[in-house]
Amino acid sequence: MGIPVYLAWLSVVVFLVMIVYRFSKFNSMPLHLRWELYPLPLEPKHHYGGSYMEELDYVPKPRHHIRINGILDMASEVFLLKKVKEYNIYGMWPFSFSMHWGIYLLFVWIALMLVEKIFGFDAIVPVTNICGGVALIVGAFGSLGLLLKRISNSELASYTLPVDYFNLLFMLSIFTTGIIAWITDPYFFDKARAFIAGVLSFQPAQVSSSWLVAHFTLFELFLIYMPFSKMFHYIAKYFTIDKVFWDDILNLKGSSVDKKITSQLSGKLTWSAPHIVNGKNWVEQVGIIDGRDV
Amino acid sequence: MPKPSVAIKDISRPGDQPLVFMNMHELMPVPNLGEEPPIEPTPQKFIDKYEMSLDGHCSIGIPKPKTKEEEDHLVRRFLSGLEKLFNSEESWTFKQALRLSFDYCVKCQTCSEACHAYLASGRQEIYRPTYRSEILRRIWKKYFTPEGKLLGRFVGADVDVNWQTVTRLAELGHRCTLCRRCAQRCPMAVDNALIARELRKLFSQELGIAPLEILEKGCVQHLRVGSSTGMNPPGLKDTVAFMEEDIGDRIGKKIKIPVDKKGADILLIHNAGEFLSWPENPEAFAILFEAAGISWTLSSEPVAYDAVNYGLWNDDVELARVAARHTLAAKKLGCKKVMIGECGHATKAYVVIADRVLTGDLSSSEIQRESCLPLLWEIIRSGAIKFDPSRNNFPVTLHDPCNMVRAMGIVKPQRLALKAIAPQFREMTPNGVYNYCCGGGSGYAIIQSFNFPQWRNKVGARMKMHQTLQAFKNELDPNKVPFKYLCAPCSNCKGTIRDSITHYGLWDKYNLNYGGLVELMVNAMVDIDRPFIEYEDFH
């Protein structure tokens, strides 16, 4: 039992460090050109897809974002998978929705067990147990469903890579080991608590269920693996949505956008097409009519 | 479901055999379209000389390499360009957005059903929004990532780059109109249209490969001569003189079109294609602005009398060169604002995309940049001009140009204007930010080379024709309803719509015509005693 306990701490550390590292990597990329897409939920005219550019003389007028609309929109994607439900014709939504909620509830289950232990909130024990049980069932249903869907539908299968199947199998293994541990051991939830308590105290608990150990070990490995995989989209999505599709910030002289872009324009280009002059920066390139004249 | 007929790895398949053939019976059915021209087979003279092995159509005309050196050159430069797309100096313009779209697609294919080209083609695999993205992604993994080199096929590093891959990808980059409807539906906010755009950029900026009309006769000619149409400054002055005379003939009043008027509030820049193909459109602007007492001018400065900016579709450097010259011309004249006429891509390129290219004294706070649509609605709303809607008493529907609507959120002004001046206005479905592309987006409207117009008419514009016929489905009979008007406030959309109405014979069958918004406005002006729209003329 010692290895899963120490692995738990390692996995949490790797998970958090990698989130911060990868977040900062994305965040430090150059400011891109505007590429917003409507309807833009932060816009006051979001209900019909409008923008401030519908106004005459909009530059000097005040512009504002309604942040709560953005949060609600993003939440509807994260928690309800709204677009998959509305537009996916391959019937992926019930499985995708279940798998995502399986993962969310797995985190919630562990968080509740931590709360119970740290604050001694025994009153929430039934809720914690239900949360854990539901997480395992819906997570297994969702990941198995998605796996079968991707195997059986040729349009999906053509685009699904071995690593994608691996990811789904990985998640399925976490949920199914949990379910097996649960149905084979009447004290499953108590032993899970004992495991969490052991992690907190750095004192490995003596848990007799090897399925439970397998379950937690797989989950810990998953935490380590997730930030390196495509499943990191839970963070990347913040950038694709908030920093690309919703970024309608106007460039005004002397603004932070203006300063960033001005500095980026000093970068040199080495594109090889004849109309571009190799080695000149952006400002110099703009002054040239055609690279073939230089 | 049957296995898709074309696999990802087929992009590298040797030989001249196209990956797909377009068949009439597979195209999306369009009610009321009637008999349509058959699909012409690919001419042998093209097959012999050019790369046609994607779908038997061709927008660029890449000559087949004759030697191993030429083949290797294509491959080497392609890979070098792909690497540059992810370099912070070479491609800061879209690096972050591209990286995110590249790395986090979960391939749920939710986007496919949003794509007009995919649907209109009868769901041909190669037009699926994820098809080209996945190819590019797998190439990137294979040639540029440690996990690809280490784990190979397991992570999808399994597409070989040979010269056929490169030339097919160049064409495949031109089977997406960049309308971004797919991005709107993506649960991950992955943008396959951006990937297509960046793929084109790779070809334009690294290999100098692009459709003739977009690069050499587009941006390069625009910068060299003054306009992508080939019109030089004296040509513009002749055109203005012609338009002044034409206005006199059309409305019985003389109007002086201001050119290079120092200190005018607004520098108005039209897509110069309007001057040649639809001069009534810039004429209508002149009539409206004169009647509304607006202080405005055209510029005769090279580049600044043509609003087009084809770099939007494939080339950041050309985009920046054109946008800077538009702004410098406004500065020279002392104008407060630059307004783009009825042209979607030019409006987005200048108002939105160039916003982060034009810095300091050229930024928005120094010289404002706007679409014309809010001002057109303001002219009606304010009562500056009196309109009689009964003069437009025929069925009118509206096409939303993707660049101004989905990409800029300009949704209401054109609708409010139409509701005020066209009593039989009705929406097409879907509309607004959820509209379908006209089929000519991203330059397809102007690509007339090889057999590309056939692809545009049969696949690109098919959905728009379907929507239009649906909007008029109860009034198609020309004996009962002699005139219908598809309002498209965008030059490139109009070009596509003109060609597709002609292709399908919809003017002859149904008297279905098209045009901009300003023509309808002038047609309804109380102060003008005759119709501005020529009801018997289709051009």
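Predicted model: local features only at pLDDT ≥ 70, side-chain atom pairs only at ≥ 80, totals over all residues.
Local features need pLDDT of at least 70, side-chain atom pairs count only at pLDDT 80 or more, and totals for chains, interfaces and linings use all residues. Residues are numbered from 1 along each chain as its sequence is written, while chains are lettered from A and ligands numbered from 1 in the order in which they are written.

The largest nonpolar core has 244 residues. Such a core is a set of buried Ala, Val, Leu, Ile, Met, Phe, Trp, Tyr and Cys residues joined through C-beta atoms within 7 Å. A residue is buried if 20 or more other C-beta atoms lie within 10 Å of its own, exposed if 12 or fewer, and partly exposed in between, with C-beta atoms placed from the backbone. The residues with the most contacts inside the core include B:Leu267, B:Leu288, B:Ala323 and B:Met521. Helix α4 (residues 93-119) of chain A supplies the largest share of this core, eleven residues. Helices (H or I, at least four residues) and strands (E, at least two) are DSSP runs, numbered from the N terminus. In soluble globular proteins, nonpolar side chains tend to be buried together.

Two residues are in contact if their C-beta atoms, placed from the backbone, lie within 7 Å. Neighbours within four places in sequence aside, the contacts of B:Leu267 include B:Thr297, B:Ala330, B:Leu333 and B:Val338.

Chain B holds an open sheet of four strands in the order β2-β1-β3-β4, with parallel pairing. Strands β2 (296-297) and β4 (368-371) of chain B stand at the edges, each with a single partner strand, so one side of each lacks a neighbour in the sheet. Two strands pair if DSSP finds at least two bridges between them. Strands β1 (residues 266-269) and β3 (residues 337-340) of chain B pair in the parallel sense over four bridges. Within β3(B), B:Met339 is the bridge partner of B:Leu268. Helix α15 (residues 316-333) of chain B lies across β1, β2 and β3 of chain B. This helix runs at about 145 degrees to β1(B). Axes are lines fitted to C-alpha atoms, for helices over the stretch in contact, and angles run from 0 to 180 degrees between N-to-C directions.

Two peptide bonds are described here as cis. One joins A:Tyr38 and A:Pro39, with omega about 5 degrees. A:Pro39 lies in the loop between α1 (2-27) and α2 (67-80) of chain A. Another runs from B:Thr429 to B:Pro430, with omega near -10 degrees. B:Pro430 sits in the loop between β6 (425-426) and α20 (452-460) of chain B.

Positive phi also occurs outside glycine. A:Phe202 has a phi of about 60 degrees. This residue lies in the loop between α8 (188-201) and α9 (210-225) of chain A. A:Phe202 is exposed, with 11 other C-beta atoms within 10 Å. B:Ser442 has a positive phi of about 65 degrees. B:Ser442 is found in the loop between β6 and α20 of chain B. With 27 C-beta neighbours inside 10 Å, B:Ser442 counts as buried.

The contact between the chains takes 82 residues from chain B and 76 residues from chain A. On the chain B side, helix α3 (residues 95-103) gives the largest share, six residues.
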